[in-house]
Amino acid sequence: MAIPAIPRSPRTGLPLIPKGAGRRTGRCDDAAPALLRTGIAQFNSGDYWECHETLEELWRGEPDPVRYLYQGILLAGVGLLHLRRGNRRGALSKLRAAVRRLEPYVPVCMGVDVASLRADLLRLISHLDELDAAAPVALRISMQ
């Protein structure tokens, strides 16, 4: 399934944040759906492409703003995939987008320790220039 282009501001050229992406949902107290658990297991195994495919299915079918939690995790995985492939610019772009998408869901949403994930992503972003592009990077998402 092709991913549509991200709408950008005609004035600045920066990506536009979708309506609802900046607000927390009441669904954060719900249990994690099976596809979210599967996507997180794939992420934690370093299967970032598979994580993307799983969470894209979940994200696209979800009308509630919790969809941006799913999208944030998806973007983190895509960023790590770019990093694995040596594309630092692409990695930074996706990792920064992930941090923005995940912010409303701190500290925990659907059992996902979003605060820890964001902290790990921010550390990675801040040290990315110091990393050897060939060095493996592994992050894990904690569930409560």
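## Contacts between helices 1 and 2

A contact is counted where heavy atoms lie within 4.5 Å. In this predicted model, residues of helix 1 that meet helix 2 in this sense are L35, L36, T38, G39, Q42 and F43. Their counterparts in helix 2 are Y48, E50, C51, T54, L55, E57 and L58. One of these residues of helix 2, C51, has 0% relative accessibility and therefore counts as buried.

The axes of helix 1 and helix 2 (residues 48-60) come within 8 Å of each other and cross at roughly 165°. Angles over 145 degrees count as roughly antiparallel, and helix 1 and helix 2 are therefore roughly antiparallel to each other. The crossing in which helix 1 passes helix 2 is left-handed.

## Burial of helix 1

Within helix 1, the buried residues are L36, G39, I40, Q42, F43 and N44. Cover for the buried residues of helix 1 includes helix 2, helix 3 (67-84), strand 2 (112-113) and helix 5 (114-127).

After helix 1 comes G46, which has a positive phi near 80°.

## The disulfide

The structure holds one disulfide, formed by C28 and C109, with 2.0 Å between their sulfur atoms. C28 lies in the segment before helix 1 (34-44), whereas C109 belongs to strand 1 (residues 108-109), so the pair ties together parts that are 81 residues apart in sequence.

Which hand does the disulfide of C28 and C109 have? The torsion about its S-S bond is about -85°, so the disulfide is left-handed. Both C28 and C109 are buried. In general terms, a disulfide is a covalent bond between the sulfur atoms of two cysteines.

## Overall architecture

The secondary structure of the chain consists of five helices and two strands. Read from the N terminus, the order of elements is α-α-α-α-β-β-α.

Of the 144 residues in the chain, 47% are buried. The chain exposes about 7,900 Å², and carbon and sulfur atoms supply 53% of this area. Among contacts in the chain between residues at least 6 apart in sequence, 65% join residues at least 24 apart.

Technical notes:
Residues numbered from 1 in each chain as written. Predicted model: local features only at pLDDT ≥ 70, side-chain atom pairs only at ≥ 80, totals over all residues. Heavy atoms only, no water. Helix = DSSP H or I, 4+ residues; strand = E, 2+ residues; numbered from the N terminus. Buried < 20%, exposed > 50% of the residue type's maximum accessible area, 1.4 Å probe, protein only. Areas by Shrake-Rupley, 256 points an atom, 1.4 Å probe, with all protein chains shown as cover. Disulfide = S-S within 2.5 Å. Axes fitted to C-alpha atoms, helices over the stretch in contact; angles between N-to-C directions. Parallel < 35°, antiparallel > 145°, perpendicular 65-115°, else oblique. Left-handed = near helix turned anticlockwise from the far one by under 90°.
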